[in-house]
Amino acid sequence: MRLVFMGTPDFAVPVFDALRADGHDIVHVYTQPPRPAGRGKALRPSPVQNAAERAGITVRSPVRIRNNEEEQAFFESLDADLGIVVAYGLILPQRMLDAPGRGCLNVHASLLPRWRGASPIQSALLAGDARSGISIMQMDAGLDTGDVLAEAAIDLAPDETASTLHDRLSFLGAELLIETLRRPFAPVPQSGQGVTYAERLTRETGRIDWRNPATILDRQVRGLTPWPGAFTTQDGTVLKIGQARIVARAHDAAPGIALDDALTIACGEGALQILTLQRPGKAMMAASDFLRGTPVPEGTTLGA
């Protein structure tokens, strides 16, 4: 099939690779423009751009598409059978959705209609969902409201993080899309029941509020790893939390108080022990290594 591929992050690369391996003709790739990254803030191409260039496929990275007559006309001129969209990052106008002969399909990392929107992987973990999955959706003008062509579900592990779920769903999405393209499309309208929306994440989403129960904070740490990352503060220094575990420990301490010298912190309900953490400009490290250089004695308040 003659395809236009539209995607940006690592999540989209296995889908791109699977389409090529299955013999589809990707005639053009759209991705977000290179962004400043690293300490030197040098412009870094997206993972999809790197994959496309390795494959010798022409890349376009417009800053905007809506109200961009020239870009929309060019997209139409590609005469594609399908547009494949995977975490592209720009909203497509109806003219582009209609341009390919069979429209545009989206590989979405949730079981629609649950977690429509920008951060479905993190939202599933933050909410404590037991399952997640992939939906292959025929795109329309709404926010992830199109008919679903196929779904595949997986159970979430108790220690699942956004990073591990990202990788599992990325490869599952690639497999499910290839299966979907090999059979006649059978679109099913989404249910009007159980609709939820995944909000766009910001750095502030990761701020730990120790007044919450330990179960909620455990989800926050796991659900926001690696980005934007859960964090707390000590004497004004930001401490990013990489791993933590719930500790079944009765206490009457105020939330945010260290219950021992091993970074077990009182929560609104229960306690959370920080296992790995990171200071600004440093690498993530085990709590034991951190504490050798920066003791956090019992009674210390975090997050104040």
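Predicted model: local features only at pLDDT ≥ 70, side-chain atom pairs only at ≥ 80, totals over all residues.

Biologist: In which sense do S12 and S13 pair, and over how many bridges?

Modeller: S12 and S13 (residues 237-247) are antiparallel and pair over five bridges. Within this pairing, Phe231 has Lys240 of S13 as its bridge partner.

Biologist: Is S12 largely enclosed or exposed?

Modeller: Strand S12 (residues 230-234) is largely enclosed by the rest of the structure, because five of its five residues are buried.

Biologist: And which residues sit on each side of S12?

Modeller: Ala230, Thr232 and Gln234 are on one side, and Phe231 and Thr233 are on the other. Both faces are covered, as all of these residues are buried. In a regular strand, side chains alternate between the two faces of the sheet.

Biologist: How do H1 and H6 cross?

Modeller: The axes of H1 (residues 13-21) and H6 come within 8 Å and cross at roughly 35°. The crossing is right-handed.

Biologist: Which residues make that contact?

Modeller: From H1, they are Pro14, Val15, Ala18 and Leu19. From H6, they are Ser170, Phe171, Gly173, Ala174, Leu177, Ile178 and Leu181. By type, the residues of the contact of H1 with H6 comprise nine nonpolar, two polar and no charged.

Biologist: What about Val13: buried or exposed?

Modeller: Val13, which is in helix H1, has a relative accessible area of 13% and is therefore buried, the cut-off being under 20%. Leaving aside neighbours within four places in sequence, Val13 is in contact with Pro47, Val48 and Ala51. Val13 and Ala52 are 39 residues apart in sequence, and their C-alpha atoms are 9.1 Å apart in space.

Biologist: One last topic: which strands does S9 pair with?

Modeller: S9 runs antiparallel to S7 (residues 104-108), with four bridges joining them. Val107 stands opposite Ile136 in S9. Seven bridges join S9 to S10 (residues 148-155), also in the antiparallel sense. There, Ser132 has Ile154 of S10 as its bridge partner.

Biologist: How many residues of S9 are buried?

Modeller: Six of the eight residues of S9 (residues 131-138) are buried, and the strand is mostly covered.

Terms used
Residues numbered from 1 in each chain as written. Heavy atoms only, no water. Buried < 20%, exposed > 50% of the residue type's maximum accessible area, 1.4 Å probe, protein only. Helix = DSSP H or I, 4+ residues; strand = E, 2+ residues; numbered from the N terminus. Pairing = 2+ DSSP bridges. Axes fitted to C-alpha atoms, helices over the stretch in contact; angles between N-to-C directions. Left-handed = near helix turned anticlockwise from the far one by under 90°. Contact = heavy atoms within 4.5 Å. Nonpolar A, V, L, I, M, F, W, Y, C, P; charged D, E, K, R; others polar.
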